[in-house]
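Please read them alongside the sequence and the model.

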Amino acid sequence: MKNTLTELKAEILRLTREYSTRAHVAQRPGGDPERAPFVPGETIVPYAGRVFTEDEVEAAVGSTLDFWLTLGPEGEAFEKELAAFLGVKYSLLVNSGSSANLVALSALTTHKLPDHKRIIPGDEVVTVAAGFPTTVSPIIQLGVVPVFIDNDPATGNIRVDQLESAFSEGKTKAVMIAHALGNPFDVASVLEFCRKHDLWLIEDNCDALGCTYSMPIERAKALGITENSPGIPQDGTLITRYTGTWGDISSQSFYPPHHLTMGEGGAVNIVFRPPLKTYAESFRDWGRDCWCPSGKDDTCGKRFGWNLGELPPGYDHKYTYSHLGYNLKPLDPQAAIGRQQLKKLPAFIEARARNWEYLRAGLADLEDIFDFSLPTHATSWEKSLNPDSGNSSYSWDGTGCRTDCSWFGFMLRVKPSASFTHTDLARHLDEKKIGNRMFFGGNLLRQPVFVQLRKDRPAAFRVVGKMTGADAIMNQALFLGTYPGLTKEMMDYEIETIRVFVRDL
Ligand SMILES: Cc1ncc(COP(=O)(O)O)c(C=O)c1O
């Protein structure tokens with residue numbers, strides 16, 4: 001043998017990088033000089049997608065050569081690195097954002113919690129009507145009743161003025177909502193509602209990794225929160241934390257359109273309370289009572305010393321089940337990819353803010369035709385003196401709270417007075433090869449699944465008030481991409497295409 005194994009691996013990885021540099025030019029970050037040139041009208045402008053370099057491909061191949069396969073050393077490292085970035089107690093990898101939502105809510109159903117905190121079938125969880133379906137489906141899948149309130153069409157987020165009317169004494173146990181398209185919801189009002197009624201807050205942070213929410217220090221202190229997220233300097237007046245780190249438990253998605261990707265993947269963040277990790281892990285890992293990582297035995301030091309359920313004393317802890325669980329783990333090579341993406345995350349977060357600002361400034365004079373999204377707590381947008389900076393200029397409401405959005409998408413609503421609909425615009429953009437999306441499922445209550453559920457099991461969910469905001473989003477909104485793969489040429493083409501479409505009608 002000419003080469004040692006180490007030399008052989010190094011040579012494979014060197015060739016891998018060379019291959020990737022040449023093969024994946026279209027997926028490089030927006031400003032990268034090696035990126036494939038953009039040809040307007042020919043090159044598709046995706047609404048989102050994987051942005052990676054040879055680093056991710058090398059990591060995937062390296063981990064595949066190691067052939068641990070199931071969640072192992074890379075997974076463990078990723079979980080620690082993500083938790084350190086967010087400043088949460090633990091992050092737990094799962095195979096998707098949908099699984100993360102399922103595991104997060106399941107963890108709160110464990111019999112290991114005191115009765116008044118445990119979520120059981122028939123209990124209620126407050127959520128919103130417009131959004132992504134798998135924020136809501138775990139609630140129903142676990143026999144719990146979602147109580148829908150409306151969205152504010154300007155922010156896409158929960159209408160906090162409706163929270164109290166959704167509350168039901170003795171039944172409501174949690175609020176489970178998403179930060180819409182990278183726009184933090186009104187955390188201060190939602191958390192105050194949760195504290196008042198002793199409810200869990202589950203943040204679906206799938207579309208908002210790296211977004212921050214700030215509230216006045218005194219208000220945060222009253223909620224028991226005194227520290228900024230890591231790396232965010234204390235300014236003496238505000239507490240600023242990443243979304244996904246205010247509530248009890250939160251979810252991430254690592255599917256390609258999201259802030260970072262590993263192909264498929266997701267995470268459950270355990271914000272403050274360590275025991276929730278053991279419950280979440282149990283639901284992720286077959287429902288087992290044992291918490292040994294894959295390939296390890298006897299972490300608890302008494303594998304044959306437990307006496308649980310009606311099992312014979314000393315029954316193998318590895319095969320002792322305290323929950324009805326699943327197996328929702330991803331593979332180790334996915335985590336290896338994710339670790340490389342994490343290094344790029346700060347740049348990705350900034351690029352999304354910058355791209356949103358660029359599109360907003362480019363379409364600013366179309367305000368008679370479109371309503372543009374506003375960050376939660378902002379009352380108006382003003383053109384920044386330097387749109388390239390990604391720093392928007394806003395007027396804010398009187399709460400003292402602020403949001404800093406790393407946008408998942410650039411949402412606009414076609415005003416009802418316009419001579420075209422959002423579907424007309426979406427069709428036109430499609431023809432011009434510009435990726436666009438509706439705000440996911442629109443008003444979910446109008447989806448076939450909910451229409452059927454209303455017939456099959458009318459008590460499966462509850463609706464409070466009129467869903468006019470959710471309907472407006474469904475009937476008028478669409479979003480363009482803000483992802484870090486966009487170039488200025490692409491966004492100029494998007495802006496010009498929309499302007500021509502509007503002018504020619
Ligand atoms: C808000 C929200 N929650 C959950 C999910 C589900 O994530 P995944 O596709 O990884 O299952 C998505 C997907 O885009 C989402 O937008």
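1. The largest cavity has a volume of about 50 Å³. A cavity is here a set of points, on a 1 Å grid over the protein atoms alone, where a 1.4 Å probe fits but cannot get out; grid points are joined across faces, edges and corners, and a volume is the space filled by probe spheres set on the points. By this rule, three cavities of 30 Å³ or more are counted.

2. The model is predicted: local features need pLDDT of at least 70, side-chain atom pairs count only at pLDDT 80 or more, and totals for chains, interfaces and linings use all residues. Residues are numbered from 1 along each chain as its sequence is written, and side-chain values use heavy atoms, with hydrogens and water left out.

3. The lining of the largest cavity consists of G49, R50, V51, P256, H258, H259, L260, T261, Q341, F348, R352 and P484; lining residues have an atom within 4 Å of a point. Five of these residues are nonpolar, five polar and two charged, where Ala, Val, Leu, Ile, Met, Phe, Trp, Tyr, Cys and Pro count as nonpolar, Asp, Glu, Lys and Arg as charged, and the others, Gly among them, as polar.

4. The largest pocket holds about 700 Å³ of space; a pocket is an open set with protein on both sides within 12 Å along at least five of seven lines. Its lining comprises 31 residues, with E281, R284, C292, P293 and S294 nearest the centre. By class, the lining of the largest pocket has 11 nonpolar, seven polar and 13 charged residues.

5. Which elements each supply at least two residues of the lining of the largest pocket? They are α3 (73–86), β1 (90–94) and α9 (275–284), helices (H or I, at least four residues) and strands (E, at least two) being DSSP runs numbered from the N terminus. The most is given by α3, with six residues.

6. Helices α3 and α10 pack at an angle of about 25°, with their axes 7 Å apart; axes are lines fitted to C-alpha atoms, for helices over the stretch in contact, and angles run from 0 to 180 degrees between N-to-C directions. The two helices are therefore roughly parallel to each other (angles under 35 degrees). Their crossing is left-handed, meaning that the near helix is turned anticlockwise from the far one by less than a right angle, whereas clockwise is right-handed. The contact (heavy atoms within 4.5 Å) joins P73, E74, G75, A77, F78, E81, L82 and F85 of α3 to D332, A335, A336, G338, R339, L342, L345 and I349 of α10. These residues divide into 10 nonpolar, two polar and four charged.

7. Helix α10 (residues 332–362) also packs with helix α14 (residues 488–504), at about 30° and with axes 10 Å apart. That angle makes α10 roughly parallel to α14. The crossing of α10 and α14 is right-handed. In this contact, N355, Y358, L359 and G362 of α10 meet K488, M491, D492, E494, I495 and R499 of α14; four are nonpolar, two polar and four charged.

Conventions. Parallel < 35°, antiparallel > 145°, perpendicular 65-115°, else oblique.
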